[in-house]
Amino acid sequence: MNTWRNASLAVTTVALLALTTACGQEKGTASPNGQAVGNAAPAQQPAGSGYGSDGGYGSDTGADAAAPKEAGQLAVWDSKELGKVLTDSEGFTLYRFDKDTANPPKSNCEGDCAKTWPVVPAGNATAAAGTDAALMGEVTRADGTKQLTVAGWPMYRYAKDTGPGEATGQGVGGTWFASAPDGKKAAVNADGPVGAEPADLAGLSVRKDPKLGEIVVDKRGMTVYRFKKDSAWPMKSACTGDCLKKWPVVSPVAKNDVEGVTTKGFVTFDRPDGIKQQSVDCWPIYTFSGDAEPGDTNGQGVGGTWYAVSPNAKLVGAPK
């Protein structure tokens with residue numbers, strides 16, 4: 001009888017210890033009630049995701065795929081935010097996808113992905129004036145059609161761009177970028193001039209801001225924020241619905257893809273809405289839609305509740 005009681009007490013003690021230390025463990029995921037699930041390495045993007053932030057393909061995943069439009073005579077758009085951007089003959093921005101490969105050229109955007117990111121047919125495409133025509137090529141897709149490539153990178157349009165001079169697909173999912181005329185990413189480098197190739201940043205790293213000091217940034221160099229109304233234990237997010245449109249979650253980051261940022265409480269938060277969110281020291285983290293480019297900190301202090309994050313996961317500049 002005593003043996004049974006001792007065994008029961010031991011099990012209860014272990015369960016209590018697991019409950020109180022789960023979020024602080026070095027590996028695993030956290031469910032909406034803040035309890036860690038399993039002891040696996042931090043989750044990568046779910047299978048089939050990475051095309052955007054809504055169900056994996058950006059926006060409008062249910063949109064009907066339009067017939068591919070010929071690109072015609074390509075052109076170069078001089079964007080104030082992005083530098084020189086490659087466009088089709090009608091001025092629509094052309095994009096490249098980080099999950100594709102350029103050597104050898106291969107497209108990994110099929111099915112629903114290609115509805116949101118229509119492929120650019122090789123067809124009658126000709127080089128933009130002043131660009132290197134030798135960089136243009138084609139790749140044969142799984143369905144046998146020919147897709148335009150620039151420097152080996154397959155080219156796409158974005159279904160949400162409604163007219164010339166738009167680049168609303170820039171940075172979607174951290175994997176889609178407007179194409180520069182040489183096939184590189186058209187983006188603002190936090191440490192360089194407009195149009196420069198973005199620095200090869202880790203999934204999470206540290207940037208020295210002239211006003212805020214050392215703050216955490218994501219792979220694109222965008223400032224990372226915490227919300228004071230969230231809680232770390234139990235792990236809970238108070239940012240839902242329309243809030244997430246202004247404050248997109250930081251997607252899961254591999255622990256070995258972190259530089260200079262604490263990996264304490266580095267777990268994936270399985271939100272009630274089904275979105276997976278990275279946390280540091282058990283705090284859910286976000287970016288801000290009002291930050292247009294790396295180096296922006298427009299979300300700092302918004303509403304007295306949103307603040308940049310220090311390398312040890314503390315709120316930067318928040319009142320005591």
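Mentor: The lining of the largest cavity comprises 8 nonpolar, 1 polar and 1 charged residues (Ala, Val, Leu, Ile, Met, Phe, Trp, Tyr, Cys and Pro count as nonpolar, Asp, Glu, Lys and Arg as charged, and the others, Gly among them, as polar). This is a predicted model, in which local features need pLDDT of at least 70 and side-chain atom pairs count only at pLDDT 80 or more, while totals for chains, interfaces and linings use all residues. Residues are numbered from 1 along each chain as its sequence is written, and side-chain values use heavy atoms, with hydrogens and water left out.

The structure holds 1 cavity of 30 Å³ or more, and the volume of the largest cavity is about 50 Å³. A cavity is a set of points, on a 1 Å grid over the protein atoms alone, where a 1.4 Å probe fits but cannot get out; lining residues have an atom within 4 Å of a point. Points are joined across faces, edges and corners, and the volume is the space filled by probe spheres set on them. The residues around the largest cavity are L74, L86, A127, A128, T131, D132, L135, M136, V150 and P181.

L86 in β4 is the bridge partner of V76. Strands β3 (residues 75-79) and β4 (residues 83-87) run antiparallel and are joined by 5 bridges, and a hairpin of 3 residues connects them. Strands are DSSP runs of E with at least two residues, helices runs of H or I with at least four, numbered from the N terminus; two strands pair if DSSP finds at least two bridges between them.

Strand β9 (residues 146-150) is joined to β10 by 2 bridges, and T149 stands opposite P154 in β10.

A charge sits over a ring if NZ of Lys or CZ of Arg is within 6 Å of the ring centre and within 35 degrees of the ring normal. R226 likewise lies over the face of W283, at 3.8 Å from the ring centre.

Rings of Phe, Tyr and Trp (its six-membered ring) pair if their centres lie within 6.5 Å; planes under 30 degrees apart count as stacked, over 60 as edge-to-face and the rest as tilted. Y225 and W247 form an edge-to-face pair, 5.5 Å centre to centre with 80 degrees between the planes. This pair links distant parts of the chain, 22 residues apart: Y225 is in strand β14 (residues 225-227), W247 in the loop between α3 (243-246) and β17 (268-270). Both Y225 and W247 are buried, that is, under 20% relative accessible area, against over 50% for exposed and in between for partly exposed (1.4 Å probe, protein chains only). Y225 also pairs edge-to-face with F288, at 6.4 Å and 80 degrees. F288, in the loop between β19 (283-284) and β20 (306-308), is 63 residues from Y225, and both are buried. Elsewhere, ring pairs link Y95, F97, W117, Y156, Y158 and W176 into a cluster.

Definitions and conventions:
On a 1 Å grid over the protein atoms alone, a cavity is a set of points where a 1.4 Å probe fits but cannot get out, and a pocket is an open set with protein on both sides within 12 Å along at least five of seven lines; lining residues have an atom within 4 Å of a point.
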